[in-house]
Amino acid sequence: MSGIPASPTNRAMLDANALFSVTGPNAATGANGTLFDLAQVNAFPINERFDLQVVIPAMPNNTSTAANSGVTLTLVDSADSNTSNGVAIAGLATIVIAGVASTGSVAVTKYVKLPGATREFIGVQSSGGANSGDNSAKTITVNLTF
């Protein structure tokens with residue numbers, strides 16, 4: 001499986017049906033992405049945690065290195081499919097993509113463990129600092145890895 005960065009747990013199998021996304025934010029705005037249904041009404045009942053692969057494209061407009069800039073991604077969960085009900089998944093830190101002067105931020109792939117107490121619907125929210133630039137033409141994707 002060349003071309004797929006190795007996850008910390010060596011999970012590399014991706015499922016095209018287990019994919020969700022959010023658009024990049026414009027300066028001082030945010031976006032709620034689609035929610036993915038884990039098909040479990042109660043907290044995720046599996047002791048083994050899953051990895052989430054977060055694929056962040058290059059963002060050439062993310063050029064400010066000033067305070068209150070950059071792009072922040074928050075992985076959320078919800079008990080229902082209403083995207084506005086998503087709250088940050090307990091135990092997971094936000095992913096911050098700092099601005100890079102003149103070139104913008106480079107593409108990066110991150111891996112995050114999905115905690116066992118995650119609720120049925122999961123998604124990702126993006127937000128931009130006041131100085132982050134317009135990154136709304138970019139799409140951040142998240143995929144479960146097995």
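**View 1. Ser-102 lies in the loop between β7 and β8.** The model is predicted: local features need pLDDT of at least 70, side-chain atom pairs count only at pLDDT 80 or more, and totals for chains, interfaces and linings use all residues. Residues are numbered from 1 along each chain as its sequence is written, and side-chain values use heavy atoms, with hydrogens and water left out. Strands are DSSP runs of E with at least two residues, and helices are runs of H or I with at least four; both are numbered from the N terminus. Phi of Ser-102 is near 65 degrees, a positive value in a residue other than glycine. Most residues other than glycine have a negative phi. Ser-102 is exposed, at 71% relative accessible area. Exposed means over 50%, buried under 20%, and partly exposed in between (1.4 Å probe, protein chains only).

**View 2. Ser-105 sits in the loop between β7 (95-97) and β8.** Ser-105 has 5% relative accessibility, so this residue counts as buried. Beyond four places in sequence, Ser-105 is in contact with Ala-58, Met-59, Asn-62, Ile-97, Ala-98 and Val-100. Contact means heavy atoms within 4.5 Å.

**View 3. Ala-28 is placed in the loop between β1 and β2 (30-32).** Ala-28 is not a glycine, yet its phi is positive, near 60 degrees. The residue is exposed, with a relative accessible area of 55%.

**View 4. An open sheet of 4 strands runs in the order β1-β10-β4-β8.** The pairing is antiparallel. β1 (14-23) and β8 (108-114) stand at the edges; each has a single partner strand, so one side of each lacks a neighbour in the sheet. From one strand to the next, the twist averages 25 degrees. Axes are lines fitted to C-alpha atoms, for helices over the stretch in contact, and angles run from 0 to 180 degrees between N-to-C directions. Two strands pair if DSSP finds at least two bridges between them.

**View 5. β4 (residues 50-56) is joined to β10 (residues 139-145) by 5 bridges.** These two strands run antiparallel. Gln-53 stands opposite Asn-143 in β10. Asp-51 has Thr-145 as its bridge partner in β10. With β8, β4 forms 7 bridges, again antiparallel. Here Leu-52 has Val-112 of β8 as its bridge partner. β4 is mostly covered, with 6 of its 7 residues buried. In a regular strand the side chains alternate between the two faces of the sheet.

**View 6. Ser-126 belongs to strand β9 (residues 121-128).** Ser-126 is buried, at 3% relative accessible area. A polar atom of its side chain lies 2.7 Å from the backbone oxygen of Thr-23.

**View 7. Asn-85 is found in the loop between β5 (71-78) and β6 (87-88).** Its relative accessible area is 36%, so Asn-85 is partly exposed. The side chains of Asn-85 and Asp-80 make a polar contact (2.9 Å). Neighbours within four places in sequence aside, Asn-85 is in contact with Asp-77, Ser-78, Asp-80 and Arg-119. Asn-32 is 53 residues from Asn-85 in sequence, with 9.9 Å between their C-alpha atoms.

**View 8. The structure holds 1 cavity of 30 Å³ or more.** The largest cavity has a volume of about 30 Å³. Its lining is made up of Thr-74, Leu-75, Ala-88, Leu-92, Ala-93 and Thr-94. On a 1 Å grid over the protein atoms alone, a cavity is a set of points where a 1.4 Å probe fits but cannot get out; lining residues have an atom within 4 Å of a point. Grid points are joined across faces, edges and corners, and a volume is the space filled by probe spheres set on the points.

**View 9. The whole chain has 0 helices and 10 strands.** Of its 146 residues, 39% count as buried. Among the contacts with a separation of 6 or more, 84% are between residues 24 or more positions apart.

Technical notes: A polar contact is a pair of N or O atoms within 3.5 Å; within protein, one must be able to donate a hydrogen and the other to accept it, and residues adjacent in sequence count only if both atoms are side-chain atoms. On a 1 Å grid over the protein atoms alone, a cavity is a set of points where a 1.4 Å probe fits but cannot get out, and a pocket is an open set with protein on both sides within 12 Å along at least five of seven lines; lining residues have an atom within 4 Å of a point.
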